[in-house]
Amino acid sequence: MMQTRMPALFLGHGSPMNVLEENRYTQAWRQAGDTLPRPRAIIAVSAHWYTRGTAVTAMTDPRTIHDFGGFPQALFDTRYPAPGSPALAEEIADTLAPVEVHLDHEWGFDHGSWGVLIKMYPDADIPVVQLSVDATQPPAWHFEQGKKLAALRDSGVMIVASGNVVHNLRKARWDETAEAWPWAQRFNQFVQDNLTFQGDAAAHPLVNFMQHQDAALSNPTPEHYLPLLYVLGARQADEPVTVPVNGIEMGAISMLSVQVG
């Protein structure tokens, strides 16, 4: 029996409050979980595990990490008890060779990963391994890691990356009805316009995103943007790219989500 190639997703995760709330973003994540082929396991790539070097969670029972403050107690009481997969952690390490991958037994699932997976797969019954984002590497390197991980999509593994392609909390407008900053709108549109680019990392506009006039304001630090590159790197020739949901919250947080396959 031929294995269905699993899709690769980048989900704009936004506020941790999306865990407790239902809105058009969480509905899109839920719909993805309901309608996409069911994976044997998930590789989660989150903006919130930003490390020196590359690591994967290699424990059987990863903890739920509440890496935020000032939110309602109900959020801290929420757990996402999905199993880990030491076997998949080893598989990822082999796939990313010669990059040295640390098999981590301390981390777990941060809110960038479990905050979206709890909507996609609320039963928490699919094994999840989280992959860290190496802060010491340039964007093209992250795109190349996505290319390597693409092979695992053919063996039933879904990639779910999470961040925000525009993420500037200092410029956030705390009025929920606030309009998006023009620079945020422009950069968000630039990302959308180049999602289907086919070519190597050197020529890819979204790998070279810092050349855009609004990149520095849209991403004062790159960790929320880089997870997108794993998904774009994992795209096979001529695979469709779709946008399940889009929007800018608080003027400066893009909720753009991207599906490959």
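**Helix packing, central strands and nonpolar cores**

In the predicted model, Thr 26, Trp 29, Arg 30, Ala 32 and Gly 33 of helix α1 are in contact with Gly 115, Val 116, Lys 119 and Met 120 of helix α4. Classified by residue type, this contact comprises four nonpolar, three polar and two charged residues. Two packed helices are described by the angle between their axes and by the distance between those axes. For α1 (residues 24-35) and α4 (residues 111-120), the axes come within 7 Å and cross at roughly 60 degrees.

Helix α3, which spans residues 86-96, has buried residues at Leu 88, Ala 89, Ile 92, Ala 93 and Leu 96. These residues lie on the same side of α3, because the arc they cover around the axis is only 145 degrees. Ala 87 and Asp 94, on the other side of α3, are exposed. The elements against which the buried residues of α3 pack are the strands β2 (41-51), β3 (54-57), β4 (101-104), β5 (128-134) and β6 (157-163), together with helix α5 (139-153).

Among these strands, β3 is covered on both faces. Thr 54 and Val 56 are buried on one side of β3, and Ala 55 and Thr 57 are buried on the other. Strand β3 pairs with β4 in the parallel sense over four bridges, and Thr 54 is placed opposite Val 101 of β4.

Strand β5 is likewise considered residue by residue. Seven of its seven residues are buried, so β5 is largely enclosed by the rest of the structure. In a regular strand, side chains alternate between the two faces of the sheet. In β5, Val 128, Gln 130, Ser 132 and Asp 134 point one way, whereas Val 129, Leu 131 and Val 133 point the other way, and all are buried. Pairing between β2 and β5 is parallel and extends over six bridges; within β5, Gln 130 is the bridge partner of Ala 44.

The largest nonpolar core contains 53 residues. Those with the most contacts inside this core are Ile 43, Ile 92, Leu 131, Leu 149, Val 191, Tyr 225 and Leu 228. When neighbours within four places in sequence are left aside, Leu 149 is in contact with Ile 43, Ile 92, Thr 95, Leu 96, Leu 131, Ile 159 and Tyr 230. A second, separate core consists of 32 residues, including Phe 109, Trp 114, Met 158 and Val 245.

How values were computed:
Residues are numbered from 1 along each chain as its sequence is written. This is a predicted model: local features need pLDDT of at least 70, side-chain atom pairs count only at pLDDT 80 or more; totals for chains, interfaces and linings use all residues. Side-chain values use heavy atoms; hydrogens and water are left out. Axes are lines fitted to C-alpha atoms, for helices over the stretch in contact, and angles run from 0 to 180 degrees between N-to-C directions. Helices (H or I, at least four residues) and strands (E, at least two) are DSSP runs, numbered from the N terminus. Contact means heavy atoms within 4.5 Å. Ala, Val, Leu, Ile, Met, Phe, Trp, Tyr, Cys and Pro count as nonpolar, Asp, Glu, Lys and Arg as charged, and the others, Gly among them, as polar. Buried means under 20% relative accessible area, exposed over 50%, partly exposed in between (1.4 Å probe, protein chains only). The arc is that of the directions from the helix axis to the C-beta atoms. Two strands pair if DSSP finds at least two bridges between them. A nonpolar core is a set of buried Ala, Val, Leu, Ile, Met, Phe, Trp, Tyr and Cys residues joined through side-chain atoms within 4.5 Å.
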